[in-house]
Amino acid sequence: MATEDTNTEYNVKVNGGTSDKPRYKKDERVNLTANVPAGYIFDRWELNSGEGVVINNPENKETFFNMKTMPVEVTAHIKAVPYTVTIEDGEATVDGRKIETAKVGELVTIKAVDKKGQEFTGWKVIEGNFELKSPQEKVLHLLCLLKQLESRQIM
């Protein structure tokens with residue numbers, strides 16, 4: 001009868017996140033944490049390889065699984081957060097298609113719509129903390145950029 005080697009460690013590869021360490025023994029708990037940049041939300045964990053491994057609550061950003069006797073690879077999936085774009089008396093487009101929402105990194109073009117008997121005089125920001133450098137331009141190109149905030153842990 002063969003005995004199982006309880007000292008053997010197996011690799012864990014985490015795409016889009018981290019684990020406590022890179023190698024684990026059989027039945028050790030592998031804690032996973034997804035890396036989610038600003039402008040994105042966590043979607044789910046996916047098991048790429050590691051037969052029999054079950055990720056506990058794969059819809060949670062922080063979760064775990066118990067190590068098996070083989071290398072394991074998992075991937076954290078994220079989705080871009082859609083931001084509402086509202087243009088009065090104009091339209092917003094991305095790559096030529098009209099939009100009502102935009103995601104981080106998309107180049108949004110806003111264009112004033114001509115109205116009979118009226119002349120375009122400029123844009124005015126009604127809501128949001130930004131300033132237009134050329135509000136008199138009839139067509140503007142805006143790029144949604146976000147900055148990663150410092151994460152703080154509450155005890």
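**Before you click**

You're looking at a predicted model, in which local features need pLDDT of at least 70, side-chain atom pairs count only at pLDDT 80 or more, and totals for chains, interfaces and linings use all residues. Residues are numbered from 1 along each chain as its sequence is written, and side-chain values use heavy atoms, with hydrogens and water left out.

**Whole chain, cartoon view**

Start with everything selected. The protein has zero helices and 13 strands (DSSP runs numbered from the N terminus: helices are H or I with at least four residues, strands are E with at least two). Switch to a surface: the protein exposes about 11,600 Å², and carbon and sulfur atoms supply 47% of that (Shrake-Rupley areas with a 1.4 Å probe; for residues, only the protein chains shown count as cover). Of the 155 residues, 24% are buried (buried is under 20% relative accessible area, exposed over 50%, partly exposed in between, with a 1.4 Å probe and protein chains only). Among contacts between residues at least 6 apart in sequence, 49% join residues at least 24 apart (a contact has heavy atoms within 4.5 Å).

Strand E9 (residues 90-94) and strand E10 (residues 97-98) run antiparallel and are joined by two bridges (strands pair if DSSP finds at least two bridges between them). The two form a hairpin with two residues between them, and Asp 95 in the turn has a positive phi of about 55 degrees.

While you're in E12 (residues 107-112), pick out Val 108. Val 108 counts as buried because its relative accessibility is 5%.

**Select E3, E1, E7 and E5**

That is the strand order of an open four-stranded sheet with mixed pairing. Strand E3 (23-25) and strand E5 (40-49) stand at the edges with a single partner strand each, so one side of each has no neighbour in the sheet. Ignoring direction, neighbouring strands here are turned by 30 degrees against each other on average (axes are lines fitted to C-alpha atoms, for helices over the stretch in contact; angles run from 0 to 180 degrees between N-to-C directions). For the parallel part, zoom in on strand E1 (residues 9-15) and strand E7 (residues 72-80), which four bridges join. Asn 15 stands opposite Thr 75 in E7.

**Select E2, E4 and E6**

Next comes an open sheet of three strands in the order E2-E4-E6, with antiparallel pairing. Strand E2 (17-19) and strand E6 (62-66) are its edge strands, each pairing on one side only. From one strand to the next, the twist averages 25 degrees. E2 pairs with strand E4 (residues 29-34) over three bridges; look for Gly 17, whose bridge partner in E4 is Ala 34.

Stay in E6 and click Thr 63. Is it buried or exposed? Thr 63 is buried, with a relative accessible area of 7%. Leaving out residues up to four places away in sequence, the residues Thr 63 touches include Val 30, Leu 32, Trp 45 and Ile 55.

The charged end of Arg 29 sits over the ring of Phe 64, 3.7 Å from its centre (the criterion is NZ of Lys or CZ of Arg within 6 Å of the ring centre and within 35 degrees of the ring normal).

**Last stop: the aromatics**

How many aromatic pairs does the structure hold? There are two (rings of Phe, Tyr and Trp, the last by its six-membered ring, with centres within 6.5 Å; planes under 30 degrees apart are stacked, over 60 edge-to-face, the rest tilted). The rings of Phe 42 and Trp 45 have centres 5.9 Å apart and planes at 50 degrees, so this pair is tilted. Both Phe 42 and Trp 45 are buried.

Phe 120 and Trp 123 make an edge-to-face pair, 5.7 Å centre to centre with 65 degrees between the planes. Here Phe 120 is partly exposed at 26% relative accessible area, whereas Trp 123 is buried at 15%.
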